[in-house]
Amino acid sequence: FLPREEDPDLPTEEMTETAPREVSSLLNAYVGGGQLPGAYVGVIEKGKKSPKYQYSVGWENNDEKAFGKFGEKAIFRIFSMTKAIVSVCVMKLVEEKTLDLDSPISKYLKEFKKHPKVCVEGGEGEQRKFEEARQEITVRHLLTHTSGISYGFLPPADSYVHKCYRERKIASLDELFHHTSEELVKRIADCPLLFHPGEHYQYSMSTDVLGYLLEVILGKNLADILREMVFQPLGMNDTDFWVPKEKISRVRPAYAMNIGYVISPVKGHPSFGETETRGLGKAPVLASGGGGLFSTAEDYLKFMGMLLNEGTFNGAKILKSETVKQMVTKNQLPSSTIAESLFPGGYPALTGKGWCLLGTVLTEPSKAAGCSKASTGEYGWGGYASTYFQIDPVKGLGYIFMTQVLPSSNTSARSYKTQIYISLV
């Protein structure tokens with residue numbers, strides 16, 4: 001998607017006076033080279049309400065590539081960046097002693113009353129072997145993705161557990177959104193676990209289970225819970241599981257990354273089906289705690305500001321300071337387990353990182369891609385459309401990168417973050 005010579009349209013850009021040219025040049029190169037349709041990057045500083053730095057670039061009215069003018073009010077599908085918000089709400093209940101981190105979830109969810117089984121050998125028929133789980137799944141296991149639950153589209157694709165997900169139509173994103181939260185959790189609970197809870201890490205539907213857990217405990221739907229606990233107090237007025245008609249024009253189109261790192265519109269793409277239309281003008285069946293929200297950079301920076309300020313932002317107190325520290329300061333994974341276990345052979349974006357109660361946490365900066373100048377303890381996560389956020393509590397800075405390219409690739413986000421460290425820190 002390089003621009004043709006006759007195209008009159010050029011990337012449109014917005015930036016603050018303090019925007020480092022190294023960052024703007026880098027993003028212009030990604031957009032001009034057809035690897036991104038556009039992007040927004042922003043930096044927030046501890047104790048400040050407005051971004052320290054922001055820059056946006058995107059193609060304006062350029063045939064089918066139209067991405068529109070970016071800015072902090074553009075609406076994005078943030079997918080798994082939803083997880084951090086749900087995790088904050090769960091920790092609010094832990095703070096209030098409504099929930100116990102190490103209590104079995106069977107205490108709250110009838111779907112898990114039956115002691116779980118672990119599939120230890122995935123052969124056919126009688127060759128398949130199961131064991132009683134050595135312990136029940138706890139709230140902590142769900143927060144840290146050590147529950148034994150998985151995602152049906154992640155490796156090992158040939159496992160019996162993933163076969164069960166496919167049979168129950170919860171293996172793909174499109175399938176997930178056609179179930180209510182109760183139906184989804186029941187189908188998850190009907191399947192065996194990939195491993196014994198607490199013994200390994202596997203990125204998973206665990207946060208969808210947490211979303212349903214919140215609904216059961218509070219007797220409300222997840223959208224209302226997040227609105228009351230986070231969105232309204234912080235003024236996140238454009239964040240929800242769906243976009244009303246009057247805001248649809250602000251939603252950025254989704255693109256797919258193809259062979260050769262060339263993007264194309266996601267509409268009609270066999271792998272991403274309903275992504276382009278889901279949640280526009282109508283709420284989907286599932287309010288997915290694991291990946292269902294739409295948001296803006298402006299809104300998510302407020303959420304990040306709350307975390308940077310240890311629970312408070314612009315006069316609104318969401319969590320106690322000690323609760324935020326409990327969430328983000330410690331790698332919760334077993335000593336024998338590293339986040340690279342998500343993919344056979346490792347995964348560069350997770351090298352040098354563990355997992356806290358909110359997302360990844362940086363344990364070895366020298367080994368982590370794009371993090372050589374970051375601080376130990378930096379934390380955050382990203383989304384399936386290549387959105388990304390990180391918070392460095394030592395430097396007192398938060399970073400956000402917003403685009404819409406599926407599946408997730410944070411190469412450009414890590415590159416821009418490195419440039420920000422060089423330019424601003």
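Start with the lining of the largest cavity, which by class has seven nonpolar, four polar and two charged residues (Ala, Val, Leu, Ile, Met, Phe, Trp, Tyr, Cys and Pro count as nonpolar, Asp, Glu, Lys and Arg as charged, the others, Gly among them, as polar). This is a predicted model, where local features need pLDDT of at least 70, side-chain atom pairs count only at pLDDT 80 or more, and totals for chains, interfaces and linings use all residues. Residues are numbered from 1 along each chain as its sequence is written, and side-chain values use heavy atoms, without hydrogens and water.

The space in this cavity is about 110 Å³ (on a 1 Å grid over the protein atoms alone, a cavity is a set of points where a 1.4 Å probe fits but cannot get out, and lining residues have an atom within 4 Å of a point). Now select Arg77, Phe79, Arg278, Gly292 and Phe294, the closest to its centre of the 13 lining residues. Colour strand E4 (75–79) next: E4 gives the most to the lining, three residues (strands are DSSP runs of at least two residues, numbered from the N terminus).

Finish on Tyr203, buried at 9% relative accessible area, and Trp355, buried at 2% (buried means under 20%, with a 1.4 Å probe and protein chains only).

Notes: 1 Å grid on protein atoms, 1.4 Å probe; cavity = no way out; pocket = protein on both sides within 12 Å on 5 of 7 lines; lining within 4 Å. Points joined across faces, edges and corners; volume = space filled by probe spheres on them. Helix = DSSP H or I, 4+ residues; strand = E, 2+ residues; numbered from the N terminus. Buried < 20%, exposed > 50% of the residue type's maximum accessible area, 1.4 Å probe, protein only.
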